[in-house]
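Dear colleague,

Please find below the sequence and the structure for your files. My notes on what was found follow directly after them.

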Amino acid sequence: MGSTAEDQRYGGVLVMGGADGGKYPDGNSFVFEGSESRLLVDPSMTVHGRGGAPVPVDGVLLSHVHEDHVPGLTHYPTLPVWVHRDDHPAMVSIDGLMDAYGYEGELRAHWQEEVLRDFHYVGRPDATAFEDGMRWDLGGGRTVTAIFLPGHTAGHCGFLVEPDGFFAIGDIDLTGFGPYYGDASSTLEGFRRSIARCREVDARWFGTFHHKGVIEGRATFLALLDDFEAVIDRREVAMLEHLAEPRTLDDLVRHRFVYRPGVDLSFVDMVERRTAELHLAAFVASGQVVEVEPGRFCVAA
Ligand SMILES: [Zn+2]
């Protein structure tokens, strides 16, 4: 334990920058500090490697349950853990987490082993579920409010620290990769609504779990958020171009609209499939795409 040069303070928030600029599988973790208590947010691989946060903490908040947001929890087996109701099953047990990803068969077995071994996942049946608007009083006038931002996962949330105006936005991470909605529990429409909700929140600092770290100033944040959301639009345009001819879901998976051709991760095909399914359903619902024969889809004439 102990602070490092990378630890930075923003009002009542201590930021522990993850290795490699917070690139997956690492990320940036936060400690929200009041006069009476401190809460650790999303304990990363770096927090795991450091043996915990640099200061004593009284509880752990999770923006959502993904393998890279929980490795440091192993150092706090008896502390209270809070997670949104819709991600709660994924924190209770590894089965709940695997169901949220939606993987089956060999991939599920393989990924489960990886999450347990490399990300140190330990189920927490004692985790407490919260809902949108949940508030924690840390003492000294400092509060934390949960803001429900689903889409990335079913229960993904941001946390607004006041009076500082620090908004932790989890995996609405503003990366060039763009929004991730490739799990069984992800939704495309939810993600779009959550981006819109982020635009309404007035804050001074915006803290992401990956890459960007802390962004200062709402105007800068809003510009980055526009770029981030535009990735969804680009995926849509690319898919519609591909659907100029009748295609199956397998065709879309093979073509890849999320990952580059060279990326070789075990879950790529599943994420491509889930992402394509969500876009296809939206296209069909809006009438832009029709099912020309069973399992084959094409842009409407
Ligand atoms: Zn995530």
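I begin with His242, which belongs to helix α7 (residues 218–242); helices here are DSSP runs of H or I with at least four residues, strands are DSSP runs of E with at least two, and both are numbered from the N terminus. Two remarks on conventions are needed before going on. The model is predicted, so that local features require pLDDT of at least 70 and side-chain atom pairs count only at pLDDT 80 or more, while totals for chains, interfaces and linings use all residues. Residues are numbered from 1 along each chain as its sequence is written, and side-chain values use heavy atoms, with hydrogens and water left out.

His242 has a relative accessible area of 13% and is therefore buried (buried means under 20% relative accessible area, exposed over 50%, and partly exposed in between, with a 1.4 Å probe and protein chains only). Apart from neighbours within four places in sequence, His242 is in contact with Arg247, Asp251, Leu252, His255 and Phe257, where contact means heavy atoms within 4.5 Å.

Domains

The protein chain is divided into domain 1 (8–228) and domain 2 (243–299), with bounds taken from an automatic or database domain assignment. Their C-alpha centres are 29 Å apart. Domain 1 brings 15 residues to the contact and domain 2 brings 10 residues. Between them the two domains bury about 1,100 Å², of which 70% is on carbon and sulfur atoms; buried area is the accessible area (1.4 Å probe) that two parts lose on being put together, summed over both. Of the area that domain 1 buries against domain 2, 37% comes from Phe177, Tyr181 and Leu188, more than from any other three residues.

Zinc site

The zinc ion has as its protein donors His64 (NE2), His66 (ND1), His152 (NE2) and Asp171 (OD), at 2.1 to 2.2 Å. Donors are N, O and S atoms within 2.8 Å of the metal (3.2 Å for Na, K and Ca); water is not among the atoms, so sites may look incomplete. Along the sequence the donor residues follow the spacing H-x1-H-x85-H-x18-D. The angles among the 4 donor atoms run from 90 to 167 degrees, and the site is classed as irregular. Under the criteria applied, four donors are tetrahedral if all angles lie between 85 and 135 degrees; four are square planar and six octahedral if opposite donors are over 155 degrees apart and all others between 65 and 115; anything else is irregular.

Strand β8 (residues 135–139) runs antiparallel to strand β9 (residues 142–148), to which 4 bridges join it; two strands pair if DSSP finds at least two bridges between them. Here Arg135 is opposite Thr145 of β9. The hairpin of β8 and β9 has 2 residues between the strands, and Gly140 takes a positive phi near 70 degrees in it.

Strand β9 also pairs with β10, antiparallel and over 6 bridges, and Thr145 stands opposite Leu160 in β10. In β10, 5 of the 6 residues are buried. Antiparallel pairing continues from β10 to β11 through 3 bridges, with Ala168 in β11 as the bridge partner of Phe159. The hairpin of β10 and β11 has 3 residues between the strands, and Gly165 takes a positive phi near 80 degrees there. The loop between β10 (157–162) and β11 (166–168) also holds Pro163, which a cis peptide bond joins to Glu162, with omega about 10 degrees.

Further backbone features

A cis peptide bond also joins Tyr24 and Pro25, with omega about 10 degrees; Pro25 is in the loop between α1 (19–22) and β3 (29–33). Asp20, in helix α1, has a positive phi near 60 degrees although it is not a glycine, and at 62% relative accessibility Asp20 is exposed. Arg256, likewise not a glycine, has a positive phi of about 70 degrees and lies in the loop between α8 (249–255) and α9 (268–286).

Finally, Gly213 lies in the loop between β12 (205–207) and β13 (214–216) and is buried at 12% relative accessibility. The C-alpha atoms of Gly213 and Gly27 are 8.6 Å apart, although 186 residues separate the two along the chain.

Yours sincerely
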